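Hello,

Here is the structure I promised to pass on to you. Please open it and keep it beside this email while you read what I found.

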Amino acid sequence: QVQLVESGGGLVQAVGSLRLSCAASGSIFSINAMGWYRQAPVKQLELVAAISSGGSTNYVESVKGRFTISRENAKNAVYLQMDSLKPEDTAVYYCKMRLSLLYKDYKDYWGQGTQVTVSS
């Protein structure tokens, strides 16, 4: 059984910062890509940032220069440092990891989501 647990969301004023964390636990053999998604009310789920096993990153245009994704393989963890936050960043943020268990194929696993609210 694999579990992804997120933390770090909350309420912050515009131009403030938050750091999201997501750690995976269970009988994990290998983790490939990791990413952060978000869903605002009445909007579709959106990929915010992703990081490959080799450390390559990509970001949605709206967060470039403000958000930084990183990973800590020893802890099966991924982080999202969010600076210069804007009200339009308000959403539920989800982490996703593509990982494999021993002798199993890679599958996508999701965190439970953490609310980020940015006030103007």
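**What I found**

Cys22 and Cys95 are both buried, where buried means under 20% relative accessible area, exposed means over 50%, and partly exposed lies in between (1.4 Å probe, protein chains only). Before going on, please note that this is a predicted model, in which local features need pLDDT of at least 70 and side-chain atom pairs count only at pLDDT 80 or more, while totals for chains, interfaces and linings use all residues. Residues are numbered from 1 along each chain as its sequence is written, and side-chain values use heavy atoms, with hydrogens and water left out.

Back to the two cysteines. They form a disulfide with their sulfur atoms 2.0 Å apart; the term stands for a pair of cysteine sulfur atoms within 2.5 Å. By that rule the count is one disulfide. The torsion about the S-S bond of Cys22 and Cys95 is about 45 degrees, so this disulfide is right-handed. The pair ties together distant parts of the chain, as Cys22 sits in strand 3 (residues 18–25) and Cys95 in strand 9 (residues 91–101), 73 residues apart.

Two strands pair if DSSP finds at least two bridges between them. In general, strands of a sheet pair through backbone hydrogen bonds, either parallel or antiparallel. Strand 7 is joined to strand 8 (residues 77–82) by six bridges, and the two run antiparallel. You can find Phe67 opposite Met82 in strand 8.

Now the chain as a whole. Buried residues make up 39% of its 120 residues. Its C-alpha atoms fill a box of roughly 50 × 25 × 25 Å along the principal axes. Among contacts (heavy atoms within 4.5 Å) with a separation of 6 or more, 55% are between residues 24 or more positions apart.

Happy exploring!

Methods
Helix = DSSP H or I, 4+ residues; strand = E, 2+ residues; numbered from the N terminus.
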